[in-house]
Amino acid sequence: MISRALRDQLDGRVLTSGDVEYDEARGLFNGAIDIRPSMIAQCAHARDVRTALTFARDGGLPIAVRSGGHGVTGACLVEDGLVIDMRMLGAVTVDPVARTATVGGGALWTHVDRACQPHGLATTGGRASTTGVAGLTLGGGSGWLERAYGLTSDNLLSVDLVTAAGELVTASTTEHPDLFWALHGGGGNFGIATSFTFRLHPVERVTAVLLLWPADRGRQAAGRFRDVFAEAPDHAGGAMLFLTGPPRQFAPAELAGRHCFGALVTYLGPEDEARRLIAPLLELDPPGGLIAEMPYADLQSALDDPPGMRNHWSSDYLAALPDAALDAYRASAERMIVPSASQYQLVPWGGAVARGAGTSPMADREAAWVVHQVGMWEGAENDERGREWVRQTRDAMRPWTTGATYLNFIGDEGADRVLAGFGPANHARLSAIKAEYDPDNVFNRWHNVPPKQRPVPA
Ligand SMILES: Cc1cc2nc3c(=O)[nH]c(=O)nc-3n(C[C@H](O)[C@H](O)[C@H](O)COP(=O)(O)OP(=O)(O)OC[C@H]3O[C@@H](n4cnc5c(N)ncnc54)[C@H](O)[C@@H]3O)c2cc1C
């Protein structure tokens with residue numbers, strides 16, 4: 001049996017549809033995805049990764065690489081192919097003196113945040129503790145600390161990677177520098193990351209703010225949120241969003257389960273300073289919410305989204321947010337599914353994100369705002385309604401978009417949108433790097449950058 005041949009070569013495990021753990025191992029955050037790989041190789045270390053990859057290539061099997069399973073398109077699984085499951089490579093080692101963390105290629109953000117917290121250190125990580133470090137980082141990495149410390153990938157010092165040819169290389173500013181550049185947003189196109197080393201920053205406690213209003217007061221609060229962030233220091237991050245009112249610990253009974261507007265602010269400093277920053281929002285007497293100082297790692301796990309919902313996402317960058325854009329935002333929020341876990345977010349960029357423009361493959365990092373439609377609902381019968389809402393909101397905000405997008409925040413929207421994520425010049429450079437490290441396009445499941453065609457010899 002083919003799976004037996006691989007089992008004999010790995011220290012980790014190989015699961016097939018006959019194994020009781022198979023269904024759990026192919027389960028993803030997005031409950032709408034149902035992909036049945038022929039084998040799932042749960043790799044124990046980098047050597048297993050190379051072995052599984054070589055086995056798949058020799059056998060002509062398509063491969064996918066899985067870490068946190070949060071990619072909304074299900075690109076970490078492949079029908080009838082081999083999944084290289086990285087989750088056993090989850091170790092995190094912190095060097096508090098050098099202020100670095102070395103993180104296994106299958107770790108989740110909770111592992112990183114919890115390991116760094118005792119040292120009062122952190123790096124920009126995803127906003128949900130259960131997201132994989134690998135998928136998020138390789139796609140760029142947006143998080144609460146980004147305006148102060150840049151995107152997650154800006155904090156990379158090196159990446160250990162198994163290439164399509166099965167070689168283990170280290171990419172950094174001094175080794176394979178082109179490949180290292182590509183790993184700052186080029187996603188899973190270039191190889192299998194077995195380890196990341198990140199720069200850390202002093203981040204002990206943060207002030208977390210979540211203010212809630214009924215949705216019909218959202219337009220006014222959105223204007224205040226925009227104005228607060230026009231002046232906010234880089235050590236303030238956040239998002240405004242339309243959402244279903246959360247449970248009682250965050251919202252009074254009259255808001256729970258109803259269409260609401262929320263203002264989320266994360267402030268790297270004490271509560272009294274945060275209150276001064278958000279005073280214009282507090283003047284609007286939000287009927288719900290909380291303001292609390294907490295350890296950063298607690299903030300990171302406080303807002304975890306529910307797994308297993310049906311997800312459909314999109315995103316665009318906005319050049320500016322004039323009043324007309326906020327009117328369109330408010331009006332297009334009206335048709336979101338309520339109650340549901342859906343969120344309609346506007347995330348302020350700027351600060352270190354903008355300062356990093358030109359240093360990574362990602363297009364338009366100077367964008368002022370990111371609009372992010374997070375469609376999350378239950379029941380296949382709601383799919384068309386949810387998808388239609390995402391389409392309509394994209395149309396509504398189109399007059400203010402820059403034309404670029406953040407690929408970690410979108411579903412499978414075609415080659416033009418992959419181009420929009422990078423821009424033509426960066427896309428061409430990525431394609432040339434792809435030709436060097438993966439000429440046969442083995443890693444083709446994430447937003448694919450095809451290898452540049454080599455000239456046919458005369
Ligand atoms: C609830 C939720 C919250 C999110 N919040 C944020 C956020 O705050 N900021 C943000 O930027 N994004 C966020 N995302 C998007 C997230 O960054 C992407 O979906 C990312 O791809 C998830 O990575 P993963 O490892 O969990 O996913 P997976 O589905 O396991 O992997 C996604 C893709 O990454 C590649 N990949 C995975 N592991 C490896 C590896 N070791 N080596 C090489 N390639 C690999 C593969 O191509 C794979 O197809 C969120 C997603 C969800 C569902």
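**Exercise 1. Determine whether histidine 427 is buried or exposed, and locate it in the chain.**

Solution. Step 1: histidine 427 has a relative accessible area of 16%. Step 2: buried means under 20% relative accessible area, exposed over 50%, and partly exposed in between, with a 1.4 Å probe and protein chains only. Histidine 427 is therefore buried. Step 3: this histidine 427 belongs to helix α16, residues 424–437; helices (H or I, at least four residues) and strands (E, at least two) are DSSP runs, numbered from the N terminus. Step 4: the C-alpha atoms of histidine 427 and glycine 186 are 9.0 Å apart, although 241 residues separate the two along the chain.

The model is predicted, so local features need pLDDT of at least 70 and side-chain atom pairs count only at pLDDT 80 or more, while totals for chains, interfaces and linings use all residues. Residues are numbered from 1 along each chain as its sequence is written, and side-chain values use heavy atoms, with hydrogens and water left out.

**Exercise 2. State where threonine 124 is found and which backbone oxygen lies 2.8 Å from its side chain.**

Solution. Step 1: threonine 124 is found in the loop between β7 (121–122) and α5. Step 2: its relative accessible area is 0%, so threonine 124 is buried. Step 3: a polar atom of the threonine 124 side chain lies 2.8 Å from the backbone oxygen of glycine 150. This is a polar contact, that is, a pair of N or O atoms within 3.5 Å; within protein, one must be able to donate a hydrogen and the other to accept it, and residues adjacent in sequence count only if both atoms are side-chain atoms.

**Exercise 3. Describe the shell around the ligand by its elements and its residue classes.**

Solution. Step 1: β3 (63–66), α5 (133–138) and β10 (192–199) each supply at least two residues of the shell. The element that gives the most is α5, with four residues. Step 2: by class, the shell has 15 nonpolar, 15 polar and three charged residues. Here Ala, Val, Leu, Ile, Met, Phe, Trp, Tyr, Cys and Pro count as nonpolar, Asp, Glu, Lys and Arg as charged, and the others, Gly among them, as polar. Step 3: a backbone N or O atom of serine 142 lies 2.6 Å from a nitrogen atom of the ligand. For arginine 127, a backbone N or O atom lies 2.9 Å from a ligand oxygen atom; for cysteine 76, the corresponding distance to a ligand oxygen atom is 3.4 Å. Step 4: the ligand taken alone exposes 950 Å², of which the protein buries 97%; these areas come from the Shrake-Rupley method with a 1.4 Å probe, and for residues only the protein chains shown count as cover.

**Exercise 4. Identify the backbone features at aspartate 80, aspartate 285 and proline 339.**

Solution. Step 1: most residues other than glycine have a negative phi, and most peptide bonds are trans. Step 2: aspartate 80 has a positive phi, near 60 degrees; it is found in the loop between β3 and β4 (82–85). At 53% relative accessibility, aspartate 80 counts as exposed. Step 3: aspartate 285 has a positive phi of about 45 degrees and is found in the loop between α10 (279–282) and β15 (288–295). At 58% relative accessibility, aspartate 285 also counts as exposed. Step 4: valine 338 and proline 339 are joined by a cis peptide bond, with omega about 0 degrees. Proline 339 is found in the loop between α12 (323–333) and β17 (343–348).
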